[in-house]
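This briefing covers a pocket and the packing of helices. The structure is shown first.

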Amino acid sequence: YDETSNQPACCHSPSRRWTIFFRLSRYCHLRPGVEKRCVPSATMVVTKDVFLPTEEELTVPEVNLSGPALRAGAYHLGKQCEAENNEFMLCRQELDDPRACLNEGKAVTNCALEFFRKMKKNCASEFAQYANCLDKSSGDLNFQYCRKTQGVLDKCVLDKMNIERPDYGYFARAKVHATDRPAPPKQEKAVYPDATPGLPADYPRPDAKYGSRFHWLN
């Protein structure tokens, strides 16, 4: 913001093909008996060249379940939808653009919806009993007070849905995820014409006079 001309400053980035305008405004808080306080804020505006998803693309059926219900089915849900979750997280990490991973996110939501539909069809009473136990037994939905109802649910899910509850530490193990999505292009290392030249390979490198700064090498 240019204080001399009282005009918003403009920052243009050719590589990203967008223009960002920062407009400085002041929000003043008035309270009886208190000095007026004004807080500056910045507003960012993008140009029409920036692609934004439509409302229809962003609108998907949501998983309308409470916290205890989601926690009750978390282990089996994570096992059932592991491939979809890994694909979504890989997309977000590689592309670093949520707009490019909308389909992967929809696949995660769809998998969760399908899982809970099957749970309701096959193990509704066992699931409700376990979720109610988590909700009522502690203030932090602790698993340790509901091992009996957990065992009943695990048996039902294994017998009717063929999903075995993952063992302790399953989701913390390193795994290799296979994907059909092409890998993003690697960013080339920047080369500067005025970079400081390095020493030649045959340049003499005598031992340090007072030892290495890395104490474990002394």
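The second largest pocket holds about 180 Å³ of space. The model is predicted: local features need pLDDT of at least 70, side-chain atom pairs count only at pLDDT 80 or more, and totals for chains, interfaces and linings use all residues. Residues are numbered from 1 along each chain as its sequence is written, and side-chain values use heavy atoms, without hydrogens and water.

**Pocket**
- A pocket is an open set of points on a 1 Å grid over the protein atoms alone, where a 1.4 Å probe fits, with protein on both sides within 12 Å along at least five of seven lines; lining residues have an atom within 4 Å of a point.
- Residues lining the second largest pocket include Glu62, Asn64, Leu113, Arg117, Lys120 and Phe127.
- This lining has 7 nonpolar, 1 polar and 3 charged residues (Ala, Val, Leu, Ile, Met, Phe, Trp, Tyr, Cys and Pro count as nonpolar, Asp, Glu, Lys and Arg as charged, the others, Gly among them, as polar).

**Helix 4 and helix 5**
- Helix 4 (residues 82–95) and helix 5 (residues 102–137) pack at about 155°, with axes 9 Å apart (helices are DSSP runs of H or I, at least four residues, numbered from the N terminus; axes are lines fitted to C-alpha atoms over the stretch in contact, and angles run from 0 to 180 degrees between N-to-C directions).
- Helix 4 and helix 5 are therefore roughly antiparallel (angles over 145 degrees).

**Helix 5 and helix 6**
- Helix 5 and helix 6 (residues 147–161) pack at about 170°, with axes 8 Å apart.
- Helix 5 is therefore roughly antiparallel to helix 6.
- The contact of helix 5 with helix 6 has 11 nonpolar, 4 polar and 3 charged residues (contact means heavy atoms within 4.5 Å).

Definitions and conventions
Points joined across faces, edges and corners; volume = space filled by probe spheres on them. Helix = DSSP H or I, 4+ residues; strand = E, 2+ residues; numbered from the N terminus. Parallel < 35°, antiparallel > 145°, perpendicular 65-115°, else oblique.
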